[in-house]
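My entries follow the order in which I checked things.

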Amino acid sequence: MTRIMIIVGSVRPGRVGLPVAHWVREHVVAAGHEVDLVDLAELNLPFMDEPEMPGKRAYTKPHTIAWSARVEQAEAVLLVSPEYNHSYSPALKNALDYLQHEWAAKPVGVVSYGGASAGLRAAAALDQVLTTLGLVRVPIDMAISGPHAHLVDGAFAGTEKQQATLARMIDELGRYAQALRPLRG
């Protein structure tokens, strides 16, 4: 069992990211893993307000200390990311930027969504930040084009192909989490 943190990268009212994240969570739980679902709208981190750089780990704000402890507990991370103007959301960037060491040597998968590009440009834009933070990207991409078309009574219903891709990503997150465990020491 791996503790997988799922982060909903959109905070907009009526966002499709939350139903997609719930669908992802169902599959992660079905695969036998523990889940911490982080809804950035509920987490409500202010824009970075720590006086020191994250690399120093000299946190002074209760919200940063709590976010640090929560991320520290995760063994793998799965980002559910929208595409905004060929990139990812500012809320997701802010949540990532708050910390540094807590992300290191953890595998990360990205479930992107959007229009014609299915969020792949957002996923590509995330790569440099994820690598800089020490996260290790698994080699499976999960991209959802036109996610609103897959909503049934407000819930996301992925296709068989999407379910198979997600299952492979979840398996890789578990394998990578075990392999990277000694590095998280």
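Which residues of the largest nonpolar core touch the most other members? I noted first that this is a predicted model, in which local features need pLDDT of at least 70 and side-chain atom pairs count only at pLDDT 80 or more, while totals for chains, interfaces and linings use all residues. Residues are numbered from 1 along each chain as its sequence is written, and side-chain values use heavy atoms, with hydrogens and water left out.

I took a nonpolar core as a set of buried Ala, Val, Leu, Ile, Met, Phe, Trp, Tyr and Cys residues joined through side-chain atoms within 4.5 Å, where buried means under 20% relative accessible area with a 1.4 Å probe, protein chains only. The largest such core has 27 residues, and Ile 7, Trp 67, Leu 79 and Trp 103 touch the most other members. Helix H5 (120–132) is among the elements that give two or more residues to this core, and H5 gives the most, five residues; helices (H or I, at least four residues) and strands (E, at least two) are DSSP runs, numbered from the N terminus.

I then looked up Trp 67, which, leaving aside neighbours within four places in sequence, is in contact (heavy atoms within 4.5 Å) with residues including Met 5, Ile 7, Val 38 and Trp 103.

Turning to strand S1 (residues 3–8), I found five of its six residues buried, so S1 is largely enclosed by the rest of the structure. S1 pairs (at least two DSSP bridges) in the parallel sense with strand S2 (residues 34–39) over six bridges, and Ile 7 has Val 38 as its bridge partner in S2.

Key
Buried means under 20% relative accessible area, exposed over 50%, partly exposed in between (1.4 Å probe, protein chains only).
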